[in-house]
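Try each task before you read its solution.

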Amino acid sequence: GLLHVAALHSVPEANTALAHRYRYGLGVVKDSETASQYALLAVQVASAEFHRVGGQPVVESDRINEHTIREVAKGNKGDDDEAIQHQIVRAKEGDVGAMLAMGDLYYYGARGMPRDQPQALRYFEQAALAGNPEGMCGAAGMLVKGEGTEGNIPNVTRAVELYENASATGSVRALNGLGYIYFYGQGLEKNVTKAFEYFLQAAETESDGDALFNAAFCLETGLGVAKDSSRAVGMYRIAAKKFGHFASVRTLGTMLMEGRGVTRSADEAMQYLFAAMHIGPWAGWLRRGLDHYLNDYYEQSVNCYLHGGELGYEVSQSNAAFVLNRKVGLSRQLTAPNSLYSAVVLDHSTDLELCTSEGTCLPSLSSASIQPATRGDVSSGWILLRELAMAAHLGHRDSLVELGHCYFEGTVCGVARSIPQAEWWYSKASSQGQAVGSVYLGFIHQFGVGQEGVNIERAERYYELALQSPSMDYHLHVAVRCLLYLLPYSKYTSFGLVNIAAKYFMQRVLLPV
């Protein structure tokens with residue numbers, strides 16, 4: 001298919017997409033070995049970008065749903081954001097925490113702010129002058145690499161001074177910084193043995209991912225200390241699991257693929273390689289999707305999220321479905337963007353078949369309503385169904401409920417109403433602790449929706465299950481209590497008006513689809 005052709009031409013996003021598909025068997029035969037090989041190729045690019053001076057990627061995976069829709073804009077609009085402007089004011093007034101936060105925002109170019117290294121350095125320097133060790137280390141780390149300095153020229157002398165001042169306060173991060181300078185011989189005489197001593201002293205606290213990685217690297221390679229692969233792997237694992245440390249995650253994935261210092265395991269390697277792969281620059285599709293959403297460019301937002309979804313970002317798939325359903329509308333025909341998603345949509349060899357245990361499958365591309373003359377035009381309802389199914393496949397439990405809603409209502413996602421299908425998805429959601437799934441199952445049996453008759457006992461069992469769920473909120477709790485109150489009367493046809501009222505209350509007031 002087109003993705004394989006792109007991968008042959010070393011397109012990193014194609015490698016990422018194929019890794020995702022082979023991992024989960026989406027349109028291809030599930031194969032952890034192949035998935036890991038593609039992920040390894042993508043990780044090599046991700047690693048180069050991650051270590052590019054002044055260009056470290058940042059992953060912003062804000063979820064947009066009914067619970068976050070009113071809050072997602074807060075702190076995400078860059079210079080125009082009221083919360084960020086308030087933080088700038090507090091930094092000017094001497095709030096060290098605000099200085100550090102602004103330094104981070106400018107360093108990474110996060111939350112809609114521009115990436116501005118000189119500005120980041122100024123904020124860290126201000127915090128350092130206030131005696132804050134985190135500010136000292138933040139400034140020192142930039143000065144060592146020449147980030148934000150005039151002409152991007154390193155100032156190691158000042159960096160050493162800051163690290164030494166911070167280490168005097170007990171800063172573990174400063175110990176690692178001094179080790180780094182001794183390791184590379186920047187401004188101080190190169191001494192890998194002394195560097196390892198600093199790394200180890202910091203690593204033994206298990207409070208800094210960089211220190212754990214650096215100590216592990218020395219142990220693995222025998223630099224400044226005798227080789228000890230077993231001990232190195234242990235430190236890599238702590239840094240990866242406790243801090244999500246990119247280099248440690250990448251190194252473990254590579255070691256497991258190559259069988260270097262550990263027993264080779266493509267399955268275990270895949271876990272680490274995928275985590276590293278998703279730190280790549282292509283994570284920027286999530287932020288672009290959010291930026292378009294915040295500026296009311298909803299179709300562009302959907303296109304960005306669809307692209308991110310093909311790269312395996314579950315939050316991107318669920319966001320695409322939400323924006324489609326709530327903002328774009330499901331009666332639209334969308335033109336697939338000139339991107340990875342259009343390649344997938346136009347390539348029939350990568351069609352997905354996500355099926356229920358009963359063998360009923362989601363519609364494949366070939367059965368979707370696409371006009372032959374405009375192959376790039378795709379029903380937004382079909383896209384919604386596909387993205388919900390993909391997100392559910394990756395473990396997003398809310399998508400299980402939304403899929404149930406699609407089949408319960410019918411026509412919403414471009415599918416015919418099917419109560420058995422709705423029950424299947426609600427049951428999946430209920431089994432994973434989603435209270436809404438249990439409530440809808442209770443509702444179906446209380447009123448005999450799509451059933452031969454009502455089943456009061458089963459309805460009561462599902463409602464009680466919902467009440468025990470940790471995902472139960474106040475409004476849903478009230479709805480369930482009302483439905484339980486009406487339960488004894490549901491089997492009497494003379495209470496038809498009560499039943500109608502209950503259905504309206506359930507479907508339109510508390511649980512809108």
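Ala, Val, Leu, Ile, Met, Phe, Trp, Tyr, Cys and Pro count as nonpolar, Asp, Glu, Lys and Arg as charged, and the others, Gly among them, as polar. This is a predicted model, where local features need pLDDT of at least 70 and side-chain atom pairs count only at pLDDT 80 or more, while totals for chains, interfaces and linings use all residues. Residues are numbered from 1 along each chain as its sequence is written, and side-chain values use heavy atoms, leaving out hydrogens and water.

**Exercise 1.** Describe the lining of the largest pocket by class and by element.

Step 1. By class, the lining has 20 nonpolar, twelve polar and eight charged residues.

Step 2. Turn to the elements (helices are DSSP runs of H or I with at least four residues, numbered from the N terminus). Those that give two or more residues to this lining are α5 (96-108), α7 (133-145), α9 (172-184), α11 (209-221) and α13 (246-258).

Step 3. The most comes from α7, with seven residues.

**Exercise 2.** Work out how α2 and α3 pack.

Step 1. Helix α2 (residues 12-24) and helix α3 (residues 32-50) have axes 8 Å apart, at an angle of about 150 degrees. Axes are lines fitted to C-alpha atoms over the stretch in contact, and angles run from 0 to 180 degrees between N-to-C directions.

Step 2. The pair is therefore roughly antiparallel (over 145 degrees).

Step 3. List the contact (heavy atoms within 4.5 Å). Among the residues that meet are Leu18 and Tyr22 in α2, and Tyr38 and Leu41 in α3. The contact residues divide into ten nonpolar, three polar and one charged.

Technical notes. Parallel < 35°, antiparallel > 145°, perpendicular 65-115°, else oblique.
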